[in-house]
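This report looks at a ligand site and at charged side-chain pairs in one structure. The sequence and the model are shown first.

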Amino acid sequence: MPTPSPQALEVSRALEAQVSEAIRLHGGWIPFDAFMERVLYTPGLGYYSNATRKFGAQGDFITAPMLGPTLAQAIVRQASQWQAAANLPLHWLEFGAGNGQLAADILRLSLSSKQQCLDGVRYYILELSADLAALQRETIARLVPQALESVVWLSQLPENFEGVIIGNEVLDAMPVKIVERCGTGPQEWLEWGVALEGANGQIVERSAPASAAVQQAANAVETYLGRALAPGYRSEISLSAVAWMREVSTCLKKGALLLLDYGFDAQQFYAPERVSGTLMCHYRHHAHTNALWHVGLQDITAHVDFSAIWSAATQAGLELLGYANQANFLMNCDALVASEDDDALSRARHHQAIFKLTSESEMGELFKVIAFGTKTVADVPALGFRRGERSGWL
Ligand SMILES: C[S@@+](CC[C@H](N)C(=O)[O-])C[C@H]1O[C@@H](n2cnc3c(N)ncnc32)[C@H](O)[C@@H]1O
C-alpha cells in the first residue's frame, strides 16, 4: 500500500486520538458502526470531511459519474418519464453528491437546448461533508456555470418533497453493525467493535455479547432468510441505512427515489459461503479489509442488502418501481449509444466507459438500481426496468 504523506498522517493521528477518547468515554469499547461513523464523518478529520483527495485516478476510487455522462443520461431519461407521467415539478434531490460530476451532467442535460436555461429546475444537494459541498460547487461552476443558481445545498431533509430523489453509492458509505453467530440460540450473537489495547492504547477489533436490540435485528435477518447462519458466520447489518431509508421515504410526498449501489438481495448478501461479510476499505485504488489502517485516510464501505432497503421503503408507504442490475438499467434507458456529434476520441472513451459500466466482471452485475415511488408514479411501468427486472429476488 502506498505510504500516506506526513500531512495526511497528522490528520489520521488527530482523528485516532478522538476515536480513542470516545472509546475511553464509552467504557473501553464502541460498536463498529459508531467507529465507522467517526472515521468517515468526524467534521474536518473523518475520511469524507477532511481535505484528502478521494475521487478519480489520483484519489482512492472511481464512481460511475466519473466515467462520462452515461449514468446521468439514463437517470435523466428515467426521471423525465416520471416527471411527465405524474406532472412532477422539475425538482431533484441528490444525496452525497461526491465531486459534483453527476449533478453537473444532469443539469447540463436538463438545459433546454434552445434557450440554454433551466426553467423550473431546482437541484437540491444534501451532503454531510462541507469539504465535498465546496468541491461540488466548484465542479458545477466550472462545467455548467449557468446552472449554479438552480442548485441549493441543504443541511437537513426537506419536508414533503415533490420530484425525483437520487443517490449513487451513498448507501454503501453508511455505518454498519458487524455481527457474528456464536451458537444456535436466539441470544447467541456477538457484536464486533473496537477497544484499546496495550500501554500505548492501540485501537484493536474486539467483540462483545450483542445487545438485545442487535440480537433482535440479527434474528430478523435469519427469519427473513428462512434459514439459520452457521456458528462463526460474520456479516454486516446496516441499521443506519434502514433508518435513513425510512426517513427519506417519509419525506417524499410525490415522486420517485432512485438508488444505485453495489450489493445483493438478502439471500445473496448472506450466502452461506460469504462467511466474513462484505466490508471493504479503499486507499489509492488498493482494496483490503483492515478498517483500522490509518483511520480517516481510507474509505470504508459495505455492500448493500437491497432486501432490507426494500422492506424499509415499502413499510414506510412507498411502492417498488423496479430492481435491476446496472447493465440492464442503462440499456433499458437507451443510454449506451455514443452521441453522433462525438469525435473519434470521445467515442473511444465512451465505449471504454460502457464496458466498465455494463460488463458482468466490472460494474454491470454487482451494481444494482432500485427505485421506489408514490402512487401516481407507480401507475406507469418504469422505463429503466422494462427488461431484466428482478424484484422477485428481494
Ligand atoms: C462513495 S461516495 C459517492 C459520491 C457520489 N455520489 C458519486 O457517485 O461519486 C459516498 C457519498 O455519500 C455521502 N453520504 C453518506 N451518508 C450520507 C447521508 N446520510 N446523507 C447524505 N450523504 C451521505 C458521503 O458524504 C459521500 O459524499
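How many nonpolar, polar and charged residues does the shell around the ligand have? By class, 14 are nonpolar, 4 are polar and 2 are charged. The model is a predicted one.

## Ligand surroundings

The ligand is surrounded by 20 residues. The closest of these are Tyr41, Thr63, Gly96, Glu127 and Asn168.

Asn168 takes part through its backbone, with an N or O atom 2.7 Å from a nitrogen atom of the ligand. On its own the ligand has 600 Å² of accessible area, and the protein covers 95% of this.

Side chains of opposite charge can pair when their charged atoms come close. In this model the count of salt bridges is 12.

One of them joins the side chains of Asp33 and Lys177, with an N to O distance of 3.1 Å. Asp33 belongs to helix H2 (residues 32–41) and Lys177 to strand S6 (residues 177–181), so this pair, 144 residues apart, links distant parts of the chain. Are Asp33 and Lys177 buried or exposed? Both residues are buried.

Arg206 counts as partly exposed because its relative accessibility is 35%, a value between the limits of 20% and 50%. Glu197 is partly exposed as well, at a relative accessible area of 38%.

A further salt bridge is formed by Arg390 and Glu365, whose closest N and O atoms are 2.9 Å apart. Arg390 lies in the segment after helix H12 (375–378), while Glu365 lies in the loop between helix H11 (344–358) and strand S16 (367–373), so the pair ties together parts that are 25 residues apart in sequence. Arg390 has a relative accessibility of 12% and therefore counts as buried, the cut-off being under 20%. Glu365 is partly exposed, with a relative accessible area of 22%.

## Shared partners

Terms used. Residues numbered from 1 in each chain as written. Predicted model: local features only at pLDDT ≥ 70, side-chain atom pairs only at ≥ 80, totals over all residues. Heavy atoms only, no water. Near = heavy atom within 4 Å. Polar contact = N/O pair within 3.5 Å; in protein donor to acceptor, adjacent residues only side chain to side chain. Areas by Shrake-Rupley, 256 points an atom, 1.4 Å probe, with all protein chains shown as cover. Nonpolar A, V, L, I, M, F, W, Y, C, P; charged D, E, K, R; others polar. Salt bridge = Lys/Arg side-chain N within 4 Å of Asp/Glu carboxyl O. Helix = DSSP H or I, 4+ residues; strand = E, 2+ residues; numbered from the N terminus. Buried < 20%, exposed > 50% of the residue type's maximum accessible area, 1.4 Å probe, protein only.
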